Amino acid sequence: IVGSLMLCTMAMAIAVVVGLLAGTWLAEYGGETPYGHVVRFLNDVLLSAPSILIGLFVYELIVRPLHGFSGFAGAVALALIAAPIVTRTTEDILRLQPNALREAGAALGAARWITIRKIIWRGAGAGLLTGGLLAFARISGETAPLLFTALNNQFFSLDMGQPMASLPAVIFQFALSAYDDWRRLAWAGALLIALAVLSVNILGRVLAARGTHRP
């Protein structure tokens with residue numbers, strides 16, 4: 001459980017920064033340019049890419065050159081899955097913000113990036129948070145990328161530079177075991193992930209509803 005939280009937290013730290021900046025650029029700057037269309041197309045491709053392919057890509061990019069599995073490689077793989085979700089939700093939410101907010105910032109003499117940071121992002125705060133929560137729910141149960149990157153660890157470890165245990169990988173290992181108590185633990189782990197994903201999705205919907213009905 002601790003390993004999963006560490007992997008997902010680091011992955012979301014990467015994905016939120018990349019996705020927020022990319023989504024903001026698509027919505028506010030270059031979304032209608034030829035380059036913007038290419039970036040949006042590539043983001044859509046990543047959205048539908050099988051997670052096992054992303055795991056293999058990170059394996060060739062990080063694990064193989066460094067000659068070892070690591071929690072950091074697992075976080076990068078999960079970030080590549082989460083970043084397109086954050087990018088798409090950020091672009092959609094920012095496009096829903098009224099142009100009057102942008103015009104008000106320009107009328108006050110604020111630079112465009114200050115208007116985005118001080119006004120647009122604040123107005124879209126609930127939607128941006130919802131997108132981050134949905135991305136977190138998406139990566140919390142991923143197993144295939146972690147088998148190629150973080151692998152697993154039979155012992156408790158907080159070292160992201162070494163193989164790291166995660167709940168999905170333990171479920172995969174224990175579910176294939178011949179021991180009844182291991183299989184029961186696999187079912188318990190699956191229940192924990194299901195409850196966590198359900199809770200995150202409910203929280204995201206509540207925040208989205210609040211942002212929609214905000215006066």
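Reader: What share of the 215 residues in the chain is buried?

Author: Start with the term. Buried means under 20% relative accessible area, exposed means over 50%, and partly exposed lies in between (1.4 Å probe, protein chains only). Here, buried residues make up 39% of the chain's 215 residues. Note that this is a predicted model: local features need pLDDT of at least 70, side-chain atom pairs count only at pLDDT 80 or more, and totals for chains, interfaces and linings use all residues. Residues are numbered from 1 along each chain as its sequence is written, and side-chain values use heavy atoms, with hydrogens and water left out.

Reader: How many helices and strands does the chain have?

Author: Helices (H or I, at least four residues) and strands (E, at least two) are DSSP runs, numbered from the N terminus. This chain has 10 helices and zero strands. Read along the sequence, the pattern is α-α-α-α-α-α-α-α-α-α. The C-alpha trace spans about 70 × 40 × 30 Å along its principal axes.

Reader: How do I check the span of a helix, say α6?

Author: Take 1.5 Å times one less than the number of residues. Helix α6 covers residues 112-123, so its 12 residues should span 16 Å. The end C-alpha atoms of α6 lie 15 Å apart, which agrees.

Reader: Which residues of α6 are buried?

Author: First, the general idea. An α-helix has 3.6 residues a turn, so residues three or four places apart point the same way. In α6, the buried residues are Thr115, Ile116 and Ile120. They cover an arc of only 95 degrees around the axis, which puts them on the same side of α6. That arc uses the directions from the helix axis to the C-beta atoms.

Reader: What do the buried residues of α6 pack against?

Author: Look for contacts, meaning heavy atoms within 4.5 Å. The buried residues of α6 pack against α1 (2-28), α4 (71-96) and α5 (99-107). Now take the chain's contacts between residues at least 6 apart in sequence: 74% join residues at least 24 apart.

Reader: Which residues touch the most other members of the largest nonpolar core?

Author: A nonpolar core is a set of buried Ala, Val, Leu, Ile, Met, Phe, Trp, Tyr and Cys residues joined through side-chain atoms within 4.5 Å. The largest one has 26 residues, and Leu7, Val58, Leu78, Ala82, Ala135 and Ile139 touch the most other members. Helices α1, α3 (51-66), α4 and α7 (125-139) each supply at least two residues of this core. Helix α4 gives the most, with 11 residues. Leaving aside neighbours within four places in sequence, Val58 is in contact with Val63, Ala73, Val76, Ala77, Leu80 and Thr149.

Reader: How many salt bridges are there?

Author: Side chains of opposite charge can pair when their charged atoms come close. The rule for a salt bridge is a side-chain nitrogen of Lys or Arg within 4 Å of a carboxyl oxygen of Asp or Glu. The count comes to eight. In one of them, Glu32 meets Arg95 (3.2 Å, N to O). Glu32 lies in the loop between α1 and α2 (34-48) and Arg95 in α4, so the pair ties together parts that are 63 residues apart in sequence.

Reader: Are Glu32 and Arg95 buried, exposed or partly exposed?

Author: Glu32 is exposed, at 57% relative accessibility. Arg95 is partly exposed, at 39%. Arg95 also forms a salt bridge with Glu91 (3.2 Å, N to O). Arg95 and Glu91 are four residues apart in α4, which means about one helical turn separates them. Glu91 is buried, at 4%.

Reader: What about Glu142 and Arg138?

Author: Their side chains form a salt bridge too, at 2.1 Å from N to O. Glu142 is buried at 12%, and Arg138 is partly exposed at 33%. Elsewhere, salt bridges that share partners join Glu32, Arg40, Glu91 and Arg95 into one network.

Reader: How many aromatic pairs does the structure hold?

Author: Rings of Phe, Tyr and Trp (its six-membered ring) pair if their centres lie within 6.5 Å; planes under 30 degrees apart count as stacked, over 60 as edge-to-face, the rest as tilted. The structure holds four such pairs. Among them, Trp25 and Tyr35 are edge-to-face, 5.5 Å centre to centre with 75 degrees between the planes. Trp25 lies in α1 and Tyr35 in α2, so the pair links parts 10 residues apart in sequence. Trp25 is partly exposed at 29%, while Tyr35 is exposed at 57%. Ring pairs also link Phe174, Tyr179 and Trp182 into a cluster.
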